[in-house]
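Thanks for making time this morning. I would like to walk through one model, starting with a single helix and then widening the view.

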Amino acid sequence: MTASFHTSSILCKALFFAFFAFWILPNEEVVAASNSGITRHYYFDIQMQNVTRLCHTKSLVTVNGQFPGPRIVAREGDRLVIKVVNHVSNNITIHWHGIRQLQSGWADGPAYVTQCPIQTGQTYVYNFTITGQRGTLLWHAHISWLRATVYGPIIILPKLNVPYPFTKPYKEVPIIFGEWFNADTEAIISQALQTGGGPNVSDAYTINGLPGPLYNCSVKDTFRLIVKPGKTYLLRLINAALNDELFFSIANHTLTIVDADAVYIKPFNTKTLLITPGQTTNVLLKTKSHAPNATFLMAARPYFTGQGTFDNSTTTGILQYESLSSSLSSANNHPLFRPNLPSLNNTSFAAKFSKKFRSLATTQFPANVPKNVDKHFFFTVGLGTSPCPKNHTCQGPNGSMFAASINNISFALPTTALLQSHFFGQSNGVYATNFPSSPIIPFNYTGTPPNNTLVINGTKVVVLPFNTSVELVMQDTSILGAESHPLHLHGFNFFVIGQGSGNYNPTKDPAKFNLIDPVERNTIGVPSGLRVETGASDTRIFRSFAPRNTKALCRIVESISCRYKILEHVYAGIETGIWVWGQVRGREMGASVLALAFTLYTLVLLPELAVANQAGITRHYKFDIKLYNVTRLCHTRSIVAVNGQFPGPRIIAREGDRVVVKVVNHVQNNVTLHWHGIRQLQSGWADGPAYVTQCPIQTGQTYVYNFTITGQRGTLFWHAHISWLRVTVYGPIVILPKRHTTYPFPEPHKEVPIIFGEWFNADPEAIITQALQTGAGPNVSDAYTINGLPGPLYNCSANDTFKLKVKPGKTYLLRLINAALNDELFFSIANHSLTIVDVDAVYVKPFKTNVLLITPGQTTNVLLETKPQFPGATFLMAARPYATGQGTFDNSTTAGILEYESPSNSSVSNQNKKLKLFKPTLPKLNDTAFASNFSKKLRSLANAQFPANVPKTINRQFFFTVGLGTQPCPKNQTCQGPSNTTKFAASVNNVSFVMPTTALLQAHFFQQSNGVYNTTFPTKPLIPFNYTGTPPNNTNVSNGTNVVVLPFNTSVELVMQDTSILGAESHPLHLHGFNFFAVGQGFGNYNPNKDPANFNLVDPVERNTIGVPSGGWVAIRFFADNPGVWFMHCHLEVHTSWGLKMAWVVLDGKLPNQKLPPPPSDLPKC
């Protein structure tokens, strides 16, 4: 017979679970678990679910939409088969905490120990038998911090017709303690890993997922246990909290402890118990003989011994007698008794309580303690530090980073599962077998800490022959303060044969060991400032086997994060004779390691970016697209952001590196990301513009962008490429030269990305939606920003100011990026010159300037030479728009502050308050002459090392007009365009591009272009006119999805001509997939007979984005040497929205490296 528990029934039960009264398990059957030795099937659907606690709603990773998750109910001897299907963007594994996993080590669950994670869309079936265990255990996620919400009870009944060795309970009730975080726990630990500080603590503890009435906004979210008088209830207590040991008590009631970690113990009574994360405790609750006229609080609060911060709050539920349950208001009118709990750091209680636990040690339930020991181990467990990366500010002890270790080894998780490596004899490069059996350097473990608190990193294991008897002493240390550590050993139970205070004495302490009836557990608290001794239980029954399903093999590679203070200390035991002893370090993608949010008031300066110090490697990043509350100008709104950062995280790589970015979409908007300026040679599927090279990544979906950086070095950036999402979804791409290759300019002391952006108090998606509906120009931004901060010239923004702190007599490389949505910008730093050395990731002949112009989509690297001595002043850096059109624009100025390091002992901030502030002088808003003269100064290096390979012979010539126009207003609608009968539009050669609903690249690659696009894009205007003179009478554009098709390696010359149809205006045009050479520019109408004679074919600037001059033209040349479909559009987002865009289709060449590969398997579908 098979017991099948389906999602629908589980969800129905979950509804009752979430309300006041908990579903009480009848003892006779305990739901459907009524047969012995059967196979029980469960289905775990990992899915997102909105949950509200403390008046805060957030999307949780859950199983079957339940929080906590569903119950597993079985009997001793049953086989469990759990099919886990991952429908979320996070990788996932499930651990069946405390299950022995005899001959089923592949089902144990810890990520990268016994298995690789279950990735999005994948399935894994956990298959194991419950042998020799009965009581309560738990299951939980075992990767990163996902177990904060992914957990549930495992109820193991005795074999059929086998009684409990204690009074038969009337009913059984699982009670699970947990923690609630208002913030995203993954973001919390990610931030802690980046800063090296302790992670933020939870906002509440919970009982069965409910915080209880002592928290604000939580009276209704209270667990109520409704009981009858004169009955005995079995409470199955589970501590699934992430980071805290808990005291628990029920007011005016005594608890009888009968079972711990699914092992019966000698019963004893207590008013209060202590339970560590990972432990379970079964207690008998005898209710009062008559219904009292009162209700009783059950409460849990932390036992805390460390020196860090913790959640000092109390979760409560209510014990309510049945006679009071018919009316909630009636129950509320009776006295409410509260329990007395020990003080928060009552280590004396903790030690005495744990000593009361004894095994039954009977004939039926013997305590098979190893009497003869083959191997002795002495492990120190505790916190330490890791050094802060160079030129990085850390928040750990004394500017270091928190770490934790066993025998001073901080365990580094591999990228291949240890069990697979062991089983297939492929351990080389995965793990080492030299884990020390005792501390390498002994010290006074609980006394004065050593001066050197640094840990050592490594993936080290202990290898044991089969059936070895082991004695392990675990010693707490006071290196960063004594602290209790709950240690969990996978795959085994062990006997706790002794414990004591101070340092373990191997000569005297063993004489006190209890070898008769020690408690048998899987998780034990190493006491604060104390030690504990364990003996491994009989291990004669383990043997490993190979998985038949080869899909269980690793298919992913992730980078290992920096160490951090994690409070989930794990002994990961593998049932193949290997112990992986260690502190499990957090895992995160490289993006998280390197990313520093620019929303800090003072940017952390990049050194030489030494983390990117190898050539030709693969760099992994993970981008979580989520909503994030941000406040600017005293206005808070929820923005779409990457990894909770605004601006987003840095991508750092070297020329020649491969970059792999896993993007997971957690928001309601469709999203794509474009890697602006990356050539994407043979990787067009990774370019990113929505409906051009890919369909969008929809809510809950994942896409991996995979590309190699070829022949580029400097600064680029990434941004969203759908609708107006890039207003908040953007960040820098820093490309260093190949290893051991120098810059062609003086080596800078430090490097600093500076990103210009725009801030809208309103939702930009609503702004453009309204504009497209009405045909009007969209509302403009409320501020410009520098690294996400508006600066002191705006109201309510003095504190939101970017400050660049510099030393006198140094050279700084400023990596400038214009990520603004709709505005070209002038930029200057008061009383300082800038030397321009690179544009769009291409070196240029250096030249000095006091002011520069940068269009949206462009990047410019400049050298800033600071003054030789402290100047006794501060200096404003400012950016404001260059505006040439006739529409409205944001006529404001963003500013940051350049501060010199003070030579005195006084703080810089106090010193600077007294210093004079100099302001720069910027050109007029419409200074087109400056714009033209500035752009003409940009020249390629054009030397042997960095040649300018300008096409000299041209195969195809194109003349494109770019500008604004109109479209007729829909019938029976009043529009707000140039007239009330027209809507604003924009076009290239009078064709306003219509986005398809199928991605152009897919249609091209699979030869399914019919109905998607046509190849009739005009090579020149169909009707010539005086482009910069009197506009034509008919200003309407035509609409179409038209492209230009080019054979591979065609040499192209394109002249782009501004028009004055609705007023002359500068247009920054961006070409995807290529760099081009700007060989000429001028004002007025382009003259094909005269102007080519003035083209610069020797050292023209090489770019990916170029400003078409207001009332003028620009000529570019490029080789079509990149097969695929490539978007070209105005980088003023409003003009793109109106249709100023088109696409080039470049056909495959003859050679293999001239062909576009097939699309990746995870390419999103429309």
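Let me begin with a question: which residues in H2 are buried? Bearing in mind that this is a predicted model, the answer is Thr185, Glu186, Ile188, Ile189, Ser190, Ala192, Leu193, Gln194 and Thr195. That makes 9 of the 11 residues of helix H2, which spans residues 185–195, so the helix is largely enclosed by the rest of the structure. At the start of H2, a side-chain oxygen of Asp184 comes to within 3.1 Å of the backbone nitrogen of Glu186, and just after the helix, Gly196 adopts a positive phi of about 80 degrees.

Let me turn to a sheet. Here 4 strands form an open sheet in the order E5-E10-E9-E7, and their pairing is mixed. Strand E5 (72–75) and strand E7 (94–97) are at the edges with a single partner strand each, so one side of each has no neighbour in the sheet. From one strand to the next, the twist averages 20 degrees. Strands E9 (residues 135–141) and E10 (residues 151–157) run antiparallel and are joined by 6 bridges, and Trp139 stands opposite Gly152 in E10.

Finally, the nonpolar cores. The largest has 95 residues, of which Leu814, Phe960, Met1056 and Trp1144 touch the most other members, while strand E53 (residues 873–882) supplies the largest share, 6 residues. Because domain 3 (356–521 + 744–938) and domain 4 (956–1146) both contribute residues, this core lies between them. There is also a second, separate core of 70 residues, with Ala240, Ala251, Tyr321 and Phe377 among them.

How values were computed:
Residues numbered from 1 in each chain as written. Heavy atoms only, no water. Core = buried A, V, L, I, M, F, W, Y, C linked by side-chain atoms within 4.5 Å. Buried < 20%, exposed > 50% of the residue type's maximum accessible area, 1.4 Å probe, protein only. Helix = DSSP H or I, 4+ residues; strand = E, 2+ residues; numbered from the N terminus. Domains from an automatic or database assignment. Pairing = 2+ DSSP bridges. Axes fitted to C-alpha atoms, helices over the stretch in contact; angles between N-to-C directions. Polar contact = N/O pair within 3.5 Å; in protein donor to acceptor, adjacent residues only side chain to side chain.
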